[in-house]
Amino acid sequence: MEYVRLGSTGLKVSRVCLGMMSFGDPARWQDWVLDEDAAEPLVRKAAEAGVTFFDTADVYSQGTSEEVTGRLLRRLFPRRDDYVLATKVYFPMGEGANDGGLSRKHIHAAIDDSLSRLGTDHVDLYQIHRWDDQTPIEETMEALHDVVRAGKARYIGASSMYAWQFAKAQHVAETHGWTKFASMQNHHNLLYREEEREMIPLCRDQGVGLIPWSPLARGLLARAGSGAATTRAGTDARIEQLYGGPGDADVLARVAETAAAREVPAAQVALAWLLAQPGVTAPIVGATKESHVDDAIAATTLTLTDKELAYLAEPYQARPVQH
C-alpha cells in the first residue's frame, strides 16, 4: 500500500480510504448496511492490506456506524496512532431545532457525541458534510477552529459545495488566523465530473487534498457490462437523481471493454482511472463484500495508459451540478 500526504499537510494516509457508511444497523439506515459481525472481515481485510484511512459520519445509521467503526478499529489496530479516523457533521441527528447544521452549538455538541460513540478522545479529520445556508460561515469556521484547538480534531475538511463557497470559507479562516480546511470530499467519478471545472483546480492550486466520495457511482461503474442488480440499486433513490444522463451508457461500455481487455473487474478500471486524476489523494470506497475490498486494493497498482485514460473519459457529457 502506498501512503501519501493529505494535501499540503504532513498527515500520511493510505491511497484508499475505506468508507464506513456500509456498516452499522440496517434497521436504522438502509437494508444493505452490514452489522458489526458481518463488517469485521471486510475491515480486517482492508487493514491487513495496509489501509489506514477510515471515513464515517454521525448520520450514518444515526450514530451506529460510528460505534461500529470505533470498536472495529480498536480491535484491529494496536495503537490509536496507527490509523487515520475521519467523521462528519451537518445532517440532523434528532428532531430538535439545533440538532443539525453548522452552528457553534451543534458543532460542539456533535463532536462530543461523535467522540463518545467512536470511543476516542480525538478524530484525525473532522469534516462538514454540506454547506449550511442558515449559519454565517464565520461562526462555523471559528467553531471548527475551537474544536482543533481543544484537541478534539487534528485537521478539518469539507464536503460537496460550490467552489465559491469553499473559497469563501478558506478566506474567512485565513483572515482570522483560524484553521483552514485540509481536504475536500467531493463527488467525482467517471459518470460525474462536474467538479473538474472549478472545485478540483481550486483545491489543487491551494494544496487541498481530494478524497472523492462515490468513486464507483454507487456501484454502477463496478457493474459495467454485467447488468447485475444489487439490493442498494433497488432502494437508493439518488442513483436515478445522480446518474443516467447522456453519455453514461457509452462510458459504462468503455469501462466494460477496458476491463475485459485487461482481464480485471470493471471496478478496478474505474478506480484506477480516478486514482490517476491530478490531485486525488484517496477515493473513499464503500464495501459490502470482500471482493469490493480486493478490487480497491488491486486498483492502486493498476496503471492505465494515457490512451486508456482518455478513451474512458471521452464520452462524458456535462450535466447539472449535484451535491
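These legends describe close-up views of a predicted model.

**View 1. F54 and F77 form an aromatic pair.** The ring centres of F54 and F77 lie 5.8 Å apart. Their planes meet at 75°, so the pair is edge-to-face. The structure holds six aromatic pairs, and F54 with F77 is one of them.

**View 2. The F54–F77 pair ties together parts 23 residues apart in sequence.** F54 lies in strand 4, which covers residues 53–55. F77 lies in the loop between helix 2 (64–76) and strand 5 (84–89). F54 is buried, at 0% relative accessible area. F77 also counts as buried, at 12%, because the cut-off for buried is under 20%.

**View 3. F54, F77 and Y83 make up a ring cluster.** Ring pairs link these residues.

**View 4. R254 places its charged end over an aromatic ring.** The ring belongs to Y311. The charged end of R254 is 4.2 Å from the ring centre.

**View 5. C17 is in no disulfide.** The nearest cysteine sulfur to that of C17 belongs to C203, 16 Å away. C17 is buried, with a relative accessible area of 0%.

**View 6. C203 sits too far from C17 for a bond.** A disulfide is a covalent bond between the sulfur atoms of two cysteines. The cut-off for the sulfur pair is 2.5 Å. C203 is buried, at 0% relative accessibility. The disulfide count for the structure is zero.

Methods. Residues numbered from 1 in each chain as written. Predicted model: local features only at pLDDT ≥ 70, side-chain atom pairs only at ≥ 80, totals over all residues. Heavy atoms only, no water. Phe/Tyr/Trp six-rings, centres within 6.5 Å; stacked < 30°, edge-to-face > 60°. Helix = DSSP H or I, 4+ residues; strand = E, 2+ residues; numbered from the N terminus. Buried < 20%, exposed > 50% of the residue type's maximum accessible area, 1.4 Å probe, protein only. Lys NZ or Arg CZ within 6 Å of the ring centre and 35° of its normal.
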